[in-house]
Amino acid sequence: MAESGEMMGPSEGTPAADTFPKKILEYMEGFLVSKTVFSACELGVFDVLLAADHPLSAEEVSRAVGASLDGTERLLAACAGLQLLNTHRQDGQVLYSNSEQARVYLTRSSPVSLYHSIQYSSRTIYLCWHYLTDAVRSDEEMVKFMHLMNSIWNICGKDVVTAFDLSPFNVICDLGGCSGALAKQCTSAYPECTVTIFDLPKVVQTSREHFVTDADGRINFYEGDFFKDPLPEADLYILARILHDWTDERCTELLSRVNRACKPGGGVLLVEALLHEDGSGPLTVQLYSLNMLVQTEGRERTAAQYAALLAAAGFTAVRHRLTGKIYDAVLGRKEG
């Protein structure tokens with residue numbers, strides 16, 4: 001019992017429902033920041049900008065360091081987001097120059113340069129830390145990844161499935177639905193809906209074993225490869241953190257398959273981290289885009305770029321909503 005005058009709060013260890021673990025998420029993704037700094041130093045980005053003595057475009061930097069223009073644009077944007085580079089706009093073009101800190105500490109010629117320390121951290125220490133936790137079997141790794149996705153949607157899922165009113169869509173298909181956490185958010189927010197999780201057989205088996213129980217009566221499964229196998233008919237298809245893995249061509253291919261399977265008047269909901277239209281941020285999404293460059297053939301995109309992909313696949317009336325958290329929502333409709 002609480003003493004007189006004391007308020008009863010949440011039980012110890014139970015966060016308030018409206019808390020958002022911003023600091024913890026920053027810690028989780030801290031390695032993205034480190035590797036961005038490491039790569040910019042190793043490529044000589046700061047040295048090239050110092051030698052030029054005037055702001056340079058991404059194309060000029062990419063030529064000077066011998067890197068792709070696409071990768072260089074993403075790297076420079078992330079460095080600007082980290083306040084290591086200054087941005088200048090001239091005739092509609094973005095130019096870059098070193099910040100004072102970068103000029104002093106990240107150029108090789110500086111008497112107080114950290115370049116050699118950064119090089120050792122990147123090539124030796126960083127690789128060693130990969131083995132901080134012993135490597136485990138692939139099945140266990142997949143379960144760990146699914147737990148990761150489960151925790152993300154437990155935090156952010158409600159925001160993305162309620163960014164638009166999805167109550168008109170009673171039959172929902174979550175493509176690449178993984179652990180089913182987002183499906184559970186849908187059935188919680190919309191009591192009339194049913195959700196089919198479409199994923200690879202091994203993922204479906206793992207989800208049944210570890211994540212989705214008989215109590216989740218309005219959630220079912222459909223095994224397959226969404227690029228090859230028939231998609232179940234639905235009113236709404238959810239693609240959460242799917243398109244950012246793929247090129248524009250592959251995205252259009254997948255969205256066209258979704259459009260063909262979708263009921264007339266139905267729709268598709270994309271859940272992605274949206275870049276600002278001018279590419280200037282948010283920093284988290286700039287770092288995610290670099291992560292896609294390292295891991296996949298995909299990229300993070302702006303709302304307009306996703307709208308163009310949806311239009312190319314036959315969807316109309318495309319709208320987007322920012323949630324203020326990690327992931328945002330883009331909704332497109334199929335004409336009735």
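I started with the rule for a salt bridge: a side-chain nitrogen of Lys or Arg within 4 Å of a carboxyl oxygen of Asp or Glu. This is a predicted model, so local features need pLDDT of at least 70 and side-chain atom pairs count only at pLDDT 80 or more, while totals for chains, interfaces and linings use all residues. Residues are numbered from 1 along each chain as its sequence is written, and side-chain values use heavy atoms, with hydrogens and water left out.

**Entry 1: salt bridges**

I got 16 salt bridges for the structure. I looked up aspartate 216 with lysine 184, where N to O is 4.0 Å. This pair links distant parts of the chain, 32 residues apart: lysine 184 sits in helix 9, and aspartate 216 in the loop between helix 10 (201–210) and strand 6 (219–223).

Next came lysine 263 and aspartate 235, with their closest N and O atoms 3.6 Å apart. Lysine 263 is in strand 8 (residues 262–272) and aspartate 235 in strand 7 (residues 234–240), so this bridge ties together parts 28 residues apart in sequence. Buried or exposed? I took under 20% relative accessible area as buried, over 50% as exposed, and partly exposed in between (1.4 Å probe, protein chains only). Aspartate 235 is buried at 15%, and lysine 263 is partly exposed at 24%.

Arginine 63 bridges to glutamate 59 at 3.3 Å between the closest N and O atoms. Both are in helix 4 (residues 58–65), 4 residues apart, or about one turn. Arginine 63 is exposed at 58%, whereas glutamate 59 is partly exposed at 43%.

I also noted a salt-bridge network linking Lys22, Lys23 and Glu26.

**Entry 2: the largest pocket**

My pocket rule, on a 1 Å grid over the protein atoms alone, is an open set of points where a 1.4 Å probe fits, with protein on both sides within 12 Å along at least five of seven lines; lining residues have an atom within 4 Å of a point. Which residues lie nearest the centre of the largest pocket? They are Phe145, Leu148, Met149, His244 and Gln295, out of 41 lining residues. Helix 8 gives the most to this lining, with 7 residues.

Definitions and conventions. Helix = DSSP H or I, 4+ residues; strand = E, 2+ residues; numbered from the N terminus.
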